Amino acid sequence: QVLVYDLLFGKGLKCGGRWKALARRHRARLEAELARLKVRRGVSRNEELLEAAPGAAPGAPRVPRYVRVNTLKTCVDDVVDFFKRQGYSFLGKAGSVEELGALSGKKFLLDLHLPELLVFPPQTDFHDNRLYVSGHIILQDKASCLPAFLLSPAAGSHVIDACAAPGNKTSHLAAILNNKGQIFAFDVNTKRLAAMNTMLMRAGVTSFELAQQDFLTVDPHDPKYSKVTYILLDPSCSGSGMVTRLPQEEAAPSAERLQALAGFQRRVLSHALRFPALQRLAYSTCSVHQEENEDVVHAVLQEQGSAFRLVNVFPSWPCRGLATFPGAECCLRASPADTLTQGFFVAVLERCGDGAAVPSSLPADKGESLQQGEGVEPGAAPPKRRKKKKQ
């Protein structure tokens, strides 16, 4: 998908190898399908395909363009200065979600929740921008940034990204770790892993190991993973929260399809909790369905007994989990209408007992008394910023 996008919308293919040759061989057919799509939509420019989600009602909220600053290569202040020099007006830190929705023209804000996220008007295109091409910025929806942000692994930690492609969350984990530690990233698809490897190298990620492997087949007791204390789990789901999918909105999944997905999600979450050194896990989906979200978390917590608990992370986030079981309000939800993001769900689980990890975003003296229901606000006291050279 990345290669096709670069071929049709970007500056062409920059990578080499057989995938480049394959994409070029089918270029005429791909361009013909693109032309037919524009005819069906009644548009003349490629950009107009993205003006609104397919089937979206008139007046529906439009998701802004979110830009995550890649702190492995630069810092927020330098990226802000760069865009100012390109003629953009920086309006400072947003005070509300409504401010994000009011952006227009060449104006941008610092997000009110995530400290390294810049917000631009919808459909602002940065694919040809020098900072994007060089990996200094990552085009990533705000909701997609939540799992790594809330997992908040301490520098030097060993982390598993269980279903990693296309790699945005992996690069986010590496930035939080400041490339100190080790990330084990798994995906079963060879093509996605190849594209992901290119993306991670461009982003300056160094401490990672990719494996073409189904995470369910990974042995939790393999000595290789004996120091894994954090896991980010974003398993396959219905994708029902992805409101800007092309070429057309997919039909709602059947009850049977949802149950099949939920069964897989329960298995993979239970498997992740078997890693003996695990202290903290973020489970996320880009689904709006209770079956894939609250129901999965509740079922696995019941299996675990008192071994793991939900953590009430990010108290200032406005949308909580559906009240389907006691403690479900600890989970987070996101949606175009309420948070101006894609539809998303995140739950953070933490091991109970004396060996429980202290989240890296908490002062150590407060981490000792963390209980279910108490709030953890990641990023509340970010480390002192290191000054980087301007781009």
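**A tour of the predicted model**

Select C145 first: this cysteine is buried, with a relative accessible area of 1% (buried means under 20% relative accessible area, exposed over 50%, partly exposed in between, with a 1.4 Å probe and protein chains only). The model is predicted, so local features need pLDDT of at least 70 and side-chain atom pairs count only at pLDDT 80 or more, while totals for chains, interfaces and linings use all residues. Residues are numbered from 1 along each chain as its sequence is written, and side-chain values use heavy atoms, with hydrogens and water left out.

Next, select C163, which is also buried, with a relative accessible area of 18%. A search of the whole structure finds zero disulfides (pairs of cysteine sulfur atoms within 2.5 Å).

Now display the whole protein as a cartoon. It shows 13 helices and 15 strands (DSSP runs numbered from the N terminus: H or I of at least four residues for helices, E of at least two for strands). Of its 391 residues, 49% count as buried.

Then select helix α10 (residues 255–272) and helix α11 (residues 294–304), whose axes come within 9 Å and cross at roughly 40°. Axes are lines fitted to C-alpha atoms, for helices over the stretch in contact, and angles run from 0 to 180 degrees between N-to-C directions. The two helices, α10 and α11, are therefore oblique to each other (angles under 35 degrees count as roughly parallel, over 145 as roughly antiparallel, 65 to 115 as roughly perpendicular and the rest as oblique). To view the contact (heavy atoms within 4.5 Å), show A262, Q265, R266, L269 and S270 of α10 with V296, V297, A299, V300, E303 and Q304 of α11.
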